[in-house]
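Here are a few notes to read alongside the structure.

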2 protein chains.
Amino acid sequence: MTSDTSSDFRAQFERIGAWIEAYYRDPGRYPVLSRAEPGDLIRALPARPPQEGEAFDAILADFERLIVPGITHWNHPRFFAYFAISAAPITVMAEALAAALDANAMAWRTSPAATELEDVTLGWLREMLGLPEAFHGIVYDTASISGFTALAAAREALDLDVRARGLAGRDLPTLRVYITEHTHSHIEKGAIALGIGRENVVKVPCDPDTFAMRPDALARLLDEDRARGMRAMAVTATVGTTSTTSSDPVAAIREITRERGVWLHVDAAYAGPAAILPEFRWLLDGAHGADSIVLNPHKWLFVPVDLSVLYIRHLDLLRRTFSLEAVYLELPDTGVRNYMDYGLQLGRRFRALKLWFAMRTLGVRGMQDALRAHIALAQELAQWVAAEAGWEISAPHPLSVVCFRHVPPGLDDAACDAHNLAIMDAVNATGEAYLSNTRLHGRFVLRIAIGNDRTTRDDVLAVWKLLRDAARQRVLATVTP
Amino acid sequence: MTSDTSSDFRAQFERIGAWIEAYYRDPGRYPVLSRAEPGDLIRALPARPPQEGEAFDAILADFERLIVPGITHWNHPRFFAYFAISAAPITVMAEALAAALDANAMAWRTSPAATELEDVTLGWLREMLGLPEAFHGIVYDTASISGFTALAAAREALDLDVRARGLAGRDLPTLRVYITEHTHSHIEKGAIALGIGRENVVKVPCDPDTFAMRPDALARLLDEDRARGMRAMAVTATVGTTSTTSSDPVAAIREITRERGVWLHVDAAYAGPAAILPEFRWLLDGAHGADSIVLNPHKWLFVPVDLSVLYIRHLDLLRRTFSLEAVYLELPDTGVRNYMDYGLQLGRRFRALKLWFAMRTLGVRGMQDALRAHIALAQELAQWVAAEAGWEISAPHPLSVVCFRHVPPGLDDAACDAHNLAIMDAVNATGEAYLSNTRLHGRFVLRIAIGNDRTTRDDVLAVWKLLRDAARQRVLATVTP
């Protein structure tokens, strides 16, 4: 063994368990947003690697002394930025087991259970979401990769022989991808990577109140582009945008794409999990006719990063896009699927294990209860904001995210933006809460995302008080000479 | 909390530790290659998810009863397939801590320590490898992604405005990527994804004895393609090919690419780590002038999958390739690097933690000792094979992989291939060892990769005996009426 003897292993592992237990007991004792200054850790660590091995105690001590202060605590009950997340504690054990087994789920035979547990858990999840069986699920690391994979399949579906002949140096039409200004940036990044070009990622106008794609505008743009000789590769509809959790009208978009033979990809990375609630199953209704759907269990189904899921109707097409034969990877033809043939990555961690652990520990009901609680807290926050003089809700808030801002009288647009930025920075600087922002119609708005399972009503009250206090102090500072 | 109370957490975590300790004590007690039949696990698990949460004991029991039999044991000391790997036990604890913190290393501020520990550990590794400081390291999940990222930067380096305008519907030259038949398939897959097209991935002829790219042939192909109006996007040279661990003559290739202004990417995913040995530092000598280098600590530097490293000279170019501004991700400009801007993936696990734990626990010397031991075992095996009548070494074996086959008299090529396949299948079916194969000059050859830290001389002797026994029985079965 290159390392500590096995008798040490268990004692050391138990100390890690004690550390995590203490951490989980009260992650709220740390500043949410790390107070580290750029370069702090680099300056604190030696410039050169140790020649000789060091003791476990020294490493764990440095972890606590040097690493933890440089962590922004996504587990903190008052982490409200981006999308708040939390993993069921048992999933940490699943990750430890997966790392210990160190199985590569590239091919069925390199660990049959890894491939088949992926099939089983994603079958369960499909049923929980009410998706048709025509969708086959595959695990990837991030929505960036799942979405990229869907777009790559959409490119291959054009039957332009792109896999074999590429895109350059040929007489091909310009390829276009349709999104909105609220679509997550990974779709644009994926299109750039696939050789589509940023200027061919078309932003379809949105309804100004709902922030949802306008189907009439989509139809018009598709037809205009076609008339100009361009070829539509994919339309991406979002269920639960990052800024406001708005949803594009997927069913109407599906009609438009079906008539025109265009791939419909649905990005439900954040909001898709909410469809496990009967009262939110409608979120994915329109997506039943889509070609591909992405959702992220590591966002809102209680597994740690990373685990993203792509449901796709066209498994053979996906295989045609990515599979290659390598002489050093000849496998017996036993009719099994080797998921290395269905994506960019050859190496694949055993990610399904943590999803299985989470699903079994929580049960469908446990996951539903947690999601309902997050949504209820967000709705309550929205009521408080709406009822408070000088504050306004900036967007509909059907799920667990609320966008709002402080609008004191007498500030022009630019000053109001600066004012809300200052409020956000003041709250984040307290270390008591962490929120992020977005822009709607170009205006800076505050954004509170609830999705951490430790977050209580008191935590939401606390950030709301911090925000009002910061706003009041800003206003006082402005009017006081 | 969605799950078990924290008082349960510690006791459960300790049971996981006990399980892993017992597993690590003797992974050799399991069949190396899982004996599962296709569908075994799917049939054993319920078709629907549990409505109510289940107890930890039931889940752990099912893990042992249903999952473990479906695992192919990469930890088994007689796992000799693909590239054998092993993780330092402490890295399992690092993965548990990373999952518990659940920090997303997408931006500096979302956990400064995650970004900076990546900088520190990859600085250490760069020094261990003797690479110039002009190389900046970034962690990705797999070589598939690291290599894809390097190729994406190479495409952007063409200054054809591909990011903005794409590849299709334009008057662009055909883009070409140069590899050999021994280059790992992820380069071809990456080129397909980037819109280059499989037929524009040019296989440069190799020397028939060394399996290394012929620089004269590369120069000729580059010049011919240029004369035909094509544009070279990248040349990939491999240090340690997957089939035989052959290395392309990187320094000579560098001269050719430099004269012609072509990006040189070096894939050292497996063999790069061997450059931490003074006697193998020459492996990367030629790569000092490359534009990008990939190596995989999860292959041969004792961290579990996944952790791959890209060293690149042109960080600004990489940022230009991938960065996008999103209104929901506005960050203060503090001069820090946000690694989400340097790759396809927005979400990033805190992978540097396990590399830091491994480097500190083993020290440079511990890693060097382990690599030397693996190489020595492979050299000893090669001697045994070379000395045995009826067996032949199929390729040079400078590192920890040996390719060979049994060549009984009187078999034609096809029969000899079938004979060696049967030998391999017979050995793998014993559950006592697991090896894979490759093809050289079209011929089936057996391949033994040593890289698991538990592998002893007795384990190598054991697989060698299994192979000879299987060969003897095959020959006897053939000659006996």
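This is a predicted model: local features need pLDDT of at least 70, side-chain atom pairs count only at pLDDT 80 or more; totals for chains, interfaces and linings use all residues.

1. Let's begin with two loop residues in chain A. A:Asp102 sits in the loop between α4 (89-101) and α5 (112-129) of chain A. Its phi is positive, about 55°, although A:Asp102 is not a glycine. Is A:Asp102 buried or exposed? Its relative accessibility is 2%, so A:Asp102 counts as buried.

2. Now turn to A:Asp159, in the loop between α6 (143-156) and α7 (162-165) of chain A. A:Asp159 is not a glycine either, yet has a positive phi of about 55°. Here the relative accessibility is 59%, so A:Asp159 counts as exposed. As background for both points, most residues other than glycine have a negative phi, and most peptide bonds are trans.

3. That brings us to the peptide bonds worth a look. In chain A, the bond joining A:Val305 and A:Asp306 is cis, with omega about 5°. You will find A:Asp306 in the loop between α11 (297-300) and β7 (308-312) of chain A. In chain B, the bond from B:Val305 to B:Asp306 is cis, with omega near 5°. B:Asp306 lies in the loop between α11 (297-300) and β7 (308-312) of chain B.

4. Next, please follow helix α13 (residues 352-387) of chain A from end to end. This helix has 36 residues, but its end C-alpha atoms are only 44 Å apart, whereas a straight helix would reach 52 Å at 1.5 Å a residue.

5. Finally, move to chain B, where helix α4 (residues 89-101) packs with helix α13 (residues 352-387). How are the two arranged? Their axes are 8 Å apart and the angle is about 150°, so α4(B) and α13(B) are roughly antiparallel to each other. The crossing of these two helices is right-handed. On the α4(B) side, the residues that meet α13(B) include B:Ile90, B:Ala94, B:Leu97 and B:Ala98. Their partners in α13(B) include B:Leu353, B:Phe357, B:Ala358 and B:Thr361. In general, an α-helix has 3.6 residues a turn, so residues three or four places apart point the same way.

Methods:
Residues are numbered from 1 along each chain as its sequence is written. Chains are lettered from A and ligands numbered from 1 in the order in which they are written. Side-chain values use heavy atoms; hydrogens and water are left out. Helices (H or I, at least four residues) and strands (E, at least two) are DSSP runs, numbered from the N terminus. The expected span of a helix is 1.5 Å times one less than its number of residues. Axes are lines fitted to C-alpha atoms, for helices over the stretch in contact, and angles run from 0 to 180 degrees between N-to-C directions. Angles under 35 degrees count as roughly parallel, over 145 as roughly antiparallel, 65 to 115 as roughly perpendicular and the rest as oblique. A crossing is left-handed if the near helix is turned anticlockwise from the far one by less than a right angle, and right-handed if clockwise. Contact means heavy atoms within 4.5 Å. Buried means under 20% relative accessible area, exposed over 50%, partly exposed in between (1.4 Å probe, protein chains only).
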